[in-house]
Amino acid sequence: MLLSLVVHTYSLRYWFPATVMLGTAPAYLLSWGIWRLISTALPARVYHKLDDRLYSIYQSMVLFFFENYTGVEVILYGDIPKNKENVIYLSNHQCTADWIIADMLAIRQSALGHVRYVLKDGLKWLPLYGWYFSQHGGAYVKRSAKFNEVTMKKKLQTQTRCGAPMYLVIFPEGTRYNPELKNVIADSQAFATKEGLAVLKHTLTPRMKASHIALDAMKDHLNAIYDVTVAYEGTLETSGQRKPAPSMPEFLCKECPRVHIYFDRVDIKEIPTEPLFFRRWLHERFEIKDRLLTDFYESEDPDKRCKFPGEGKHSPLNLSKTLPSMIILGGLTLPLLLTENGRKLYVRTWVYGTLLGWLWVNAFP
(Lines give C-alpha, C1' and ligand atoms only; values in the text may rest on other atoms or scores of the structure.)
Protein backbone atom coordinates (compact mmCIF):
# COMPACT_ATOMS: atom_id res chain seq x y z
CA MET A 1 0.00 0.00 0.00
CA LEU A 2 2.73 2.46 0.98
CA LEU A 3 4.83 1.54 -2.06
CA SER A 4 1.81 2.02 -4.31
CA LEU A 5 1.23 5.47 -2.81
CA VAL A 6 4.87 6.44 -3.34
CA VAL A 7 4.79 5.28 -6.97
CA HIS A 8 1.50 7.09 -7.58
CA THR A 9 2.80 10.31 -6.03
CA TYR A 10 6.00 10.09 -8.06
CA SER A 11 4.10 9.59 -11.33
CA LEU A 12 1.89 12.60 -10.57
CA ARG A 13 5.01 14.78 -10.67
CA TYR A 14 5.08 14.09 -14.40
CA TRP A 15 1.44 13.52 -15.32
CA PHE A 16 0.14 16.76 -13.83
CA PRO A 17 2.37 19.11 -15.88
CA ALA A 18 2.12 16.85 -18.95
CA THR A 19 -1.68 16.95 -18.78
CA VAL A 20 -1.71 20.74 -18.51
CA MET A 21 0.80 21.25 -21.34
CA LEU A 22 -0.98 18.86 -23.70
CA GLY A 23 -4.43 19.92 -22.52
CA THR A 24 -3.90 23.59 -23.37
CA ALA A 25 -2.59 22.83 -26.89
CA PRO A 26 -6.04 22.85 -28.63
CA ALA A 27 -6.98 26.21 -27.09
CA TYR A 28 -3.63 27.58 -28.19
CA LEU A 29 -4.10 26.22 -31.71
CA LEU A 30 -7.59 27.72 -31.98
CA SER A 31 -6.23 31.13 -30.92
CA TRP A 32 -3.43 30.84 -33.45
CA GLY A 33 -5.88 29.70 -36.19
CA ILE A 34 -8.07 32.76 -35.68
CA TRP A 35 -5.04 35.03 -35.95
CA ARG A 36 -3.82 33.18 -39.06
CA LEU A 37 -7.13 33.81 -40.81
CA ILE A 38 -7.19 37.47 -39.82
CA SER A 39 -3.58 37.99 -40.90
CA THR A 40 -3.97 36.61 -44.45
CA ALA A 41 -4.58 40.14 -45.70
CA LEU A 42 -1.73 41.60 -43.66
CA PRO A 43 2.03 41.75 -44.37
CA ALA A 44 3.98 38.64 -43.33
CA ARG A 45 5.99 40.71 -40.88
CA VAL A 46 2.81 41.55 -38.94
CA TYR A 47 1.74 37.91 -38.85
CA HIS A 48 5.12 36.76 -37.54
CA LYS A 49 5.14 39.40 -34.83
CA LEU A 50 1.97 38.13 -33.17
CA ASP A 51 2.77 34.49 -33.95
CA ASP A 52 6.02 34.95 -32.02
CA ARG A 53 4.06 36.51 -29.17
CA LEU A 54 1.61 33.59 -29.05
CA TYR A 55 4.47 31.11 -29.15
CA SER A 56 6.17 32.96 -26.31
CA ILE A 57 3.02 32.64 -24.19
CA TYR A 58 2.83 28.88 -24.69
CA GLN A 59 6.54 28.26 -24.13
CA SER A 60 6.49 30.46 -21.01
CA MET A 61 3.82 28.13 -19.63
CA VAL A 62 6.08 25.17 -20.49
CA LEU A 63 8.94 26.83 -18.60
CA PHE A 64 6.67 27.36 -15.60
CA PHE A 65 6.74 23.58 -15.19
CA PHE A 66 10.33 22.90 -16.23
CA GLU A 67 11.82 25.64 -14.02
CA ASN A 68 9.44 27.00 -11.39
CA TYR A 69 7.61 23.74 -10.74
CA THR A 70 10.71 21.52 -10.68
CA GLY A 71 12.80 24.04 -8.75
CA VAL A 72 15.83 23.23 -10.88
CA GLU A 73 18.78 25.59 -10.44
CA VAL A 74 20.15 27.05 -13.65
CA ILE A 75 23.88 27.82 -13.35
CA LEU A 76 25.21 30.08 -16.10
CA TYR A 77 28.85 30.46 -17.11
CA GLY A 78 29.32 33.48 -19.36
CA ASP A 79 27.18 36.54 -20.03
CA ILE A 80 24.03 36.40 -22.14
CA PRO A 81 23.61 39.60 -24.19
CA LYS A 82 20.87 41.87 -22.88
CA ASN A 83 19.69 42.82 -26.36
CA LYS A 84 17.85 40.43 -28.69
CA GLU A 85 19.89 39.17 -31.62
CA ASN A 86 19.41 37.04 -34.72
CA VAL A 87 21.44 33.95 -33.93
CA ILE A 88 22.13 30.28 -34.53
CA TYR A 89 22.20 28.32 -31.26
CA LEU A 90 24.62 25.37 -31.38
CA SER A 91 24.68 22.92 -28.49
CA ASN A 92 25.71 19.42 -27.51
CA HIS A 93 22.77 17.00 -27.48
CA GLN A 94 22.10 14.45 -24.73
CA CYS A 95 18.35 14.18 -24.13
CA THR A 96 14.90 15.55 -24.96
CA ALA A 97 15.26 18.14 -22.18
CA ASP A 98 17.93 19.88 -24.31
CA TRP A 99 15.13 21.59 -26.25
CA ILE A 100 13.94 23.19 -23.03
CA ILE A 101 17.44 24.50 -22.24
CA ALA A 102 17.29 26.63 -25.41
CA ASP A 103 14.02 28.11 -24.11
CA MET A 104 15.62 28.77 -20.72
CA LEU A 105 18.31 30.91 -22.32
CA ALA A 106 15.95 32.62 -24.77
CA ILE A 107 13.50 33.76 -22.07
CA ARG A 108 16.37 35.39 -20.18
CA GLN A 109 17.01 37.45 -23.30
CA SER A 110 13.30 38.16 -23.90
CA ALA A 111 13.59 36.25 -27.17
CA LEU A 112 11.47 33.19 -26.40
CA GLY A 113 9.04 33.79 -29.27
CA HIS A 114 11.93 33.86 -31.76
CA VAL A 115 13.03 30.28 -31.03
CA ARG A 116 12.80 27.99 -34.08
CA TYR A 117 14.23 24.51 -34.44
CA VAL A 118 15.99 22.33 -36.95
CA LEU A 119 14.40 18.96 -36.22
CA LYS A 120 14.81 15.43 -37.50
CA ASP A 121 12.17 14.56 -40.07
CA GLY A 122 10.32 11.97 -37.97
CA LEU A 123 9.20 14.61 -35.45
CA LYS A 124 6.88 16.21 -38.00
CA TRP A 125 4.39 13.43 -37.17
CA LEU A 126 3.90 14.67 -33.60
CA PRO A 127 0.20 15.52 -33.20
CA LEU A 128 -0.38 19.29 -33.44
CA TYR A 129 3.17 20.16 -32.36
CA GLY A 130 4.92 18.76 -35.44
CA TRP A 131 2.91 20.91 -37.79
CA TYR A 132 3.02 24.01 -35.64
CA PHE A 133 6.81 23.91 -35.26
CA SER A 134 7.04 23.90 -39.06
CA GLN A 135 4.75 26.86 -39.64
CA HIS A 136 6.50 28.78 -36.83
CA GLY A 137 9.66 28.66 -38.94
CA GLY A 138 11.27 25.37 -37.98
CA ALA A 139 12.85 23.07 -40.56
CA TYR A 140 12.63 19.27 -40.75
CA VAL A 141 15.67 17.50 -42.14
CA LYS A 142 16.60 13.94 -43.02
CA ARG A 143 20.01 12.52 -42.31
CA SER A 144 22.91 11.77 -44.67
CA ALA A 145 22.09 11.29 -48.36
CA LYS A 146 18.39 12.11 -47.89
CA PHE A 147 19.15 15.59 -46.56
CA ASN A 148 17.29 18.15 -48.69
CA GLU A 149 19.51 21.23 -48.71
CA VAL A 150 17.29 23.19 -51.10
CA THR A 151 14.18 22.82 -48.93
CA MET A 152 15.93 23.90 -45.74
CA LYS A 153 17.62 26.86 -47.40
CA LYS A 154 14.37 28.01 -48.99
CA LYS A 155 12.54 27.76 -45.66
CA LEU A 156 15.11 29.87 -43.83
CA GLN A 157 15.37 32.47 -46.58
CA THR A 158 11.59 32.86 -46.62
CA GLN A 159 11.72 33.64 -42.90
CA THR A 160 14.53 36.15 -43.17
CA ARG A 161 13.08 37.94 -46.20
CA CYS A 162 9.98 38.85 -44.23
CA GLY A 163 12.13 40.07 -41.34
CA ALA A 164 11.27 37.32 -38.86
CA PRO A 165 13.63 37.40 -35.86
CA MET A 166 15.73 34.24 -35.70
CA TYR A 167 16.90 32.16 -32.74
CA LEU A 168 17.58 28.96 -34.67
CA VAL A 169 18.36 25.93 -32.50
CA ILE A 170 20.59 23.24 -34.04
CA PHE A 171 22.19 20.17 -32.46
CA PRO A 172 25.06 19.37 -34.87
CA GLU A 173 25.66 15.88 -33.47
CA GLY A 174 22.44 14.82 -35.21
CA THR A 175 21.52 12.35 -32.49
CA ARG A 176 21.73 12.22 -28.71
CA TYR A 177 24.90 11.28 -26.85
CA ASN A 178 24.14 8.42 -24.50
CA PRO A 179 27.11 6.93 -22.60
CA GLU A 180 25.36 3.55 -22.55
CA LEU A 181 25.21 3.34 -26.37
CA LYS A 182 28.81 2.29 -26.88
CA ASN A 183 28.30 1.36 -30.53
CA VAL A 184 27.01 4.84 -31.44
CA ILE A 185 29.98 6.47 -29.71
CA ALA A 186 32.43 4.05 -31.36
CA ASP A 187 30.96 4.72 -34.83
CA SER A 188 31.19 8.47 -34.24
CA GLN A 189 34.82 8.21 -33.13
CA ALA A 190 35.66 5.98 -36.10
CA PHE A 191 34.15 8.58 -38.43
CA ALA A 192 36.32 11.29 -36.85
CA THR A 193 39.44 9.17 -37.28
CA LYS A 194 38.57 8.46 -40.91
CA GLU A 195 38.11 12.18 -41.61
CA GLY A 196 41.33 13.18 -39.82
CA LEU A 197 39.48 14.95 -37.00
CA ALA A 198 40.15 14.88 -33.27
CA VAL A 199 38.34 12.05 -31.50
CA LEU A 200 35.82 13.28 -28.92
CA LYS A 201 34.93 11.46 -25.71
CA HIS A 202 31.92 13.26 -24.20
CA THR A 203 30.19 14.38 -27.41
CA LEU A 204 29.60 12.83 -30.80
CA THR A 205 31.39 14.08 -33.90
CA PRO A 206 29.39 17.08 -35.18
CA ARG A 207 27.92 17.04 -38.68
CA MET A 208 28.21 20.38 -40.42
CA LYS A 209 25.53 20.30 -43.12
CA ALA A 210 22.52 21.84 -41.33
CA SER A 211 24.66 24.41 -39.51
CA HIS A 212 26.46 25.47 -42.68
CA ILE A 213 23.25 25.76 -44.71
CA ALA A 214 21.72 27.91 -41.97
CA LEU A 215 24.79 30.13 -41.87
CA ASP A 216 24.88 30.46 -45.66
CA ALA A 217 21.14 31.13 -45.99
CA MET A 218 21.01 33.78 -43.27
CA LYS A 219 24.52 35.27 -43.22
CA ASP A 220 23.24 38.79 -43.90
CA HIS A 221 20.56 38.42 -41.23
CA LEU A 222 22.61 36.98 -38.36
CA ASN A 223 24.49 38.73 -35.57
CA ALA A 224 26.19 35.77 -33.90
CA ILE A 225 26.37 32.09 -33.14
CA TYR A 226 25.66 31.10 -29.55
CA ASP A 227 27.93 28.18 -28.67
CA VAL A 228 26.29 26.44 -25.72
CA THR A 229 27.56 23.50 -23.67
CA VAL A 230 25.11 21.81 -21.29
CA ALA A 231 25.70 19.38 -18.42
CA TYR A 232 23.06 17.95 -16.08
CA GLU A 233 24.00 17.50 -12.45
CA GLY A 234 23.13 14.08 -11.09
CA THR A 235 24.49 12.25 -14.15
CA LEU A 236 27.70 11.07 -12.49
CA GLU A 237 27.77 7.71 -10.72
CA THR A 238 29.67 7.36 -7.43
CA SER A 239 31.98 5.05 -9.40
CA GLY A 240 32.87 7.99 -11.65
CA GLN A 241 30.94 6.68 -14.67
CA ARG A 242 28.74 9.07 -16.61
CA LYS A 243 24.98 8.29 -16.67
CA PRO A 244 22.43 9.20 -19.39
CA ALA A 245 20.98 12.70 -19.10
CA PRO A 246 17.38 13.01 -17.88
CA SER A 247 14.47 12.72 -20.29
CA MET A 248 11.65 15.28 -20.15
CA PRO A 249 9.54 13.07 -17.83
CA GLU A 250 12.53 12.49 -15.54
CA PHE A 251 13.28 16.21 -15.55
CA LEU A 252 9.68 16.97 -14.54
CA CYS A 253 10.00 14.36 -11.79
CA LYS A 254 12.72 16.60 -10.33
CA GLU A 255 15.58 14.17 -10.93
CA CYS A 256 17.93 16.96 -11.99
CA PRO A 257 18.83 19.40 -9.20
CA ARG A 258 20.97 21.72 -11.37
CA VAL A 259 21.66 22.45 -15.03
CA HIS A 260 25.08 23.88 -15.87
CA ILE A 261 25.17 25.99 -19.05
CA TYR A 262 28.40 27.29 -20.53
CA PHE A 263 27.61 30.16 -22.90
CA ASP A 264 29.97 31.61 -25.52
CA ARG A 265 28.92 34.23 -28.06
CA VAL A 266 30.82 34.16 -31.37
CA ASP A 267 30.37 37.17 -33.64
CA ILE A 268 29.18 36.22 -37.10
CA LYS A 269 32.17 38.02 -38.68
CA GLU A 270 34.55 35.57 -36.96
CA ILE A 271 32.99 32.46 -38.53
CA PRO A 272 34.36 31.08 -41.82
CA THR A 273 31.74 30.50 -44.50
CA GLU A 274 33.76 28.30 -46.87
CA PRO A 275 32.58 24.69 -46.20
CA LEU A 276 36.00 23.16 -45.50
CA PHE A 277 37.02 25.88 -43.08
CA PHE A 278 33.57 25.94 -41.44
CA ARG A 279 33.78 22.21 -40.85
CA ARG A 280 37.12 22.63 -39.12
CA TRP A 281 35.78 25.57 -37.09
CA LEU A 282 32.73 23.58 -35.96
CA HIS A 283 34.81 20.60 -34.92
CA GLU A 284 37.16 22.85 -32.95
CA ARG A 285 34.15 24.25 -31.08
CA PHE A 286 33.18 20.69 -30.16
CA GLU A 287 36.71 19.98 -29.02
CA ILE A 288 36.23 22.85 -26.56
CA LYS A 289 32.92 21.34 -25.45
CA ASP A 290 34.60 17.98 -24.98
CA ARG A 291 37.27 19.52 -22.74
CA LEU A 292 34.61 21.33 -20.69
CA LEU A 293 32.63 18.12 -20.24
CA THR A 294 35.80 16.17 -19.39
CA ASP A 295 36.51 18.68 -16.62
CA PHE A 296 32.88 18.40 -15.46
CA TYR A 297 32.87 14.59 -15.25
CA GLU A 298 36.50 13.63 -14.73
CA SER A 299 38.31 16.42 -12.88
CA GLU A 300 40.81 14.99 -10.41
CA ASP A 301 39.94 17.79 -7.99
CA PRO A 302 36.62 16.82 -6.28
CA ASP A 303 35.83 20.52 -5.73
CA LYS A 304 35.95 21.14 -9.49
CA ARG A 305 33.94 18.08 -10.48
CA CYS A 306 30.33 18.66 -11.64
CA LYS A 307 31.23 22.25 -12.50
CA PHE A 308 32.49 24.05 -15.54
CA PRO A 309 35.66 26.16 -15.30
CA GLY A 310 35.11 29.77 -14.34
CA GLU A 311 32.47 31.46 -12.26
CA GLY A 312 28.99 29.96 -12.43
CA LYS A 313 26.10 32.23 -11.49
CA HIS A 314 22.74 30.99 -10.26
CA SER A 315 20.07 32.43 -12.58
CA PRO A 316 16.56 32.04 -11.11
CA LEU A 317 13.53 32.61 -13.34
CA ASN A 318 10.97 34.99 -11.86
CA LEU A 319 7.41 33.70 -11.67
CA SER A 320 6.22 36.91 -13.31
CA LYS A 321 7.68 35.62 -16.58
CA THR A 322 5.81 32.32 -16.56
CA LEU A 323 2.74 32.33 -14.29
CA PRO A 324 0.70 34.85 -16.37
CA SER A 325 0.97 32.54 -19.39
CA MET A 326 -0.24 29.63 -17.27
CA ILE A 327 -3.26 31.67 -16.22
CA ILE A 328 -4.02 32.88 -19.77
CA LEU A 329 -3.90 29.41 -21.34
CA GLY A 330 -5.83 27.90 -18.45
CA GLY A 331 -8.48 30.59 -18.90
CA LEU A 332 -8.79 29.75 -22.60
CA THR A 333 -8.97 25.99 -22.01
CA LEU A 334 -11.43 25.71 -19.11
CA PRO A 335 -14.45 27.17 -21.01
CA LEU A 336 -13.91 24.54 -23.71
CA LEU A 337 -14.06 21.73 -21.15
CA LEU A 338 -17.04 22.99 -19.12
CA THR A 339 -19.71 22.69 -21.85
CA GLU A 340 -20.66 19.82 -24.15
CA ASN A 341 -20.17 21.90 -27.31
CA GLY A 342 -16.85 23.11 -25.98
CA ARG A 343 -15.66 19.57 -25.37
CA LYS A 344 -16.69 18.56 -28.90
CA LEU A 345 -14.75 21.51 -30.32
CA TYR A 346 -11.79 20.55 -28.15
CA VAL A 347 -11.72 16.97 -29.47
CA ARG A 348 -12.25 18.09 -33.08
CA THR A 349 -9.35 20.49 -32.78
CA TRP A 350 -7.08 17.64 -31.67
CA VAL A 351 -8.28 15.30 -34.44
CA TYR A 352 -8.65 17.64 -37.39
CA GLY A 353 -5.71 19.79 -36.33
CA THR A 354 -3.50 16.71 -36.32
CA LEU A 355 -4.75 15.39 -39.69
CA LEU A 356 -4.56 18.76 -41.45
CA GLY A 357 -1.17 19.36 -39.87
CA TRP A 358 0.20 16.11 -41.26
CA LEU A 359 -1.08 16.99 -44.73
CA TRP A 360 0.34 20.51 -44.51
CA VAL A 361 3.80 19.62 -43.24
CA ASN A 362 4.23 17.03 -45.99
CA ALA A 363 2.87 19.26 -48.75
CA PHE A 364 4.86 22.33 -47.64
CA PRO A 365 8.04 21.10 -45.88
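**The whole thing**

Before you click on anything, keep in mind that this is a predicted model. Show the protein as a cartoon and you'll have 12 helices and eight strands to look at. It has 365 residues, and 50% of them count as buried. As for contacts between residues with a separation of 6 or more, 79% are made by residues 24 or more positions apart.

**Stop one: H2 and H3**

Select residues 25-38, which is helix H2, and bring in its partner H3; H3 covers residues 44-69. How do these two run relative to each other? Their axes cross at roughly 170° and come within 11 Å. Angles over 145 degrees count as roughly antiparallel, so that's the label for H2 and H3.

Now show side chains. On the H2 side, pick Ala25, Tyr28, Trp32, Trp35 and Arg36; on the H3 side, the contact is made by Val46, Tyr47, Leu50, Asp51, Leu54, Tyr55 and Tyr58. Colour them by class and you get 10 nonpolar, no polar and two charged residues.

**Stop two: Ser56**

Stay in H3 and click on Ser56. Is Ser56 buried or exposed? Its relative accessibility is 11%, so Ser56 counts as buried. Leaving aside residues up to four places away in sequence, Ser56 touches Leu112 and Gly113.

**Stop three: H6 and H8**

Next, select 149-161 for helix H6 and 209-218 for helix H8. The axes of H6 and H8 lie 9 Å apart, at an angle of about 40°, and the two helices are therefore oblique to each other. Turn the view around and you can follow H6 passing H8 in a right-handed crossing.

Which residues meet here? From H6, show Glu149, Met152, Lys153, Leu156, Gln157 and Thr160; from H8, show Lys209, Ala210, Ile213, Ala214, Asp216, Ala217 and Met218. By class, this contact has seven nonpolar, two polar and four charged residues.

**Last stop: Gly234**

Finally, go to the loop between strand E6 (224-232) and helix H9 (248-252), where you'll find Gly234. With 41% relative accessibility, Gly234 counts as partly exposed.

Technical notes
Residues are numbered from 1 along each chain as its sequence is written. This is a predicted model: local features need pLDDT of at least 70, side-chain atom pairs count only at pLDDT 80 or more; totals for chains, interfaces and linings use all residues. Side-chain values use heavy atoms; hydrogens and water are left out. Axes are lines fitted to C-alpha atoms, for helices over the stretch in contact, and angles run from 0 to 180 degrees between N-to-C directions. Helices (H or I, at least four residues) and strands (E, at least two) are DSSP runs, numbered from the N terminus. Angles under 35 degrees count as roughly parallel, over 145 as roughly antiparallel, 65 to 115 as roughly perpendicular and the rest as oblique. A crossing is left-handed if the near helix is turned anticlockwise from the far one by less than a right angle, and right-handed if clockwise. Contact means heavy atoms within 4.5 Å. Ala, Val, Leu, Ile, Met, Phe, Trp, Tyr, Cys and Pro count as nonpolar, Asp, Glu, Lys and Arg as charged, and the others, Gly among them, as polar. Buried means under 20% relative accessible area, exposed over 50%, partly exposed in between (1.4 Å probe, protein chains only).
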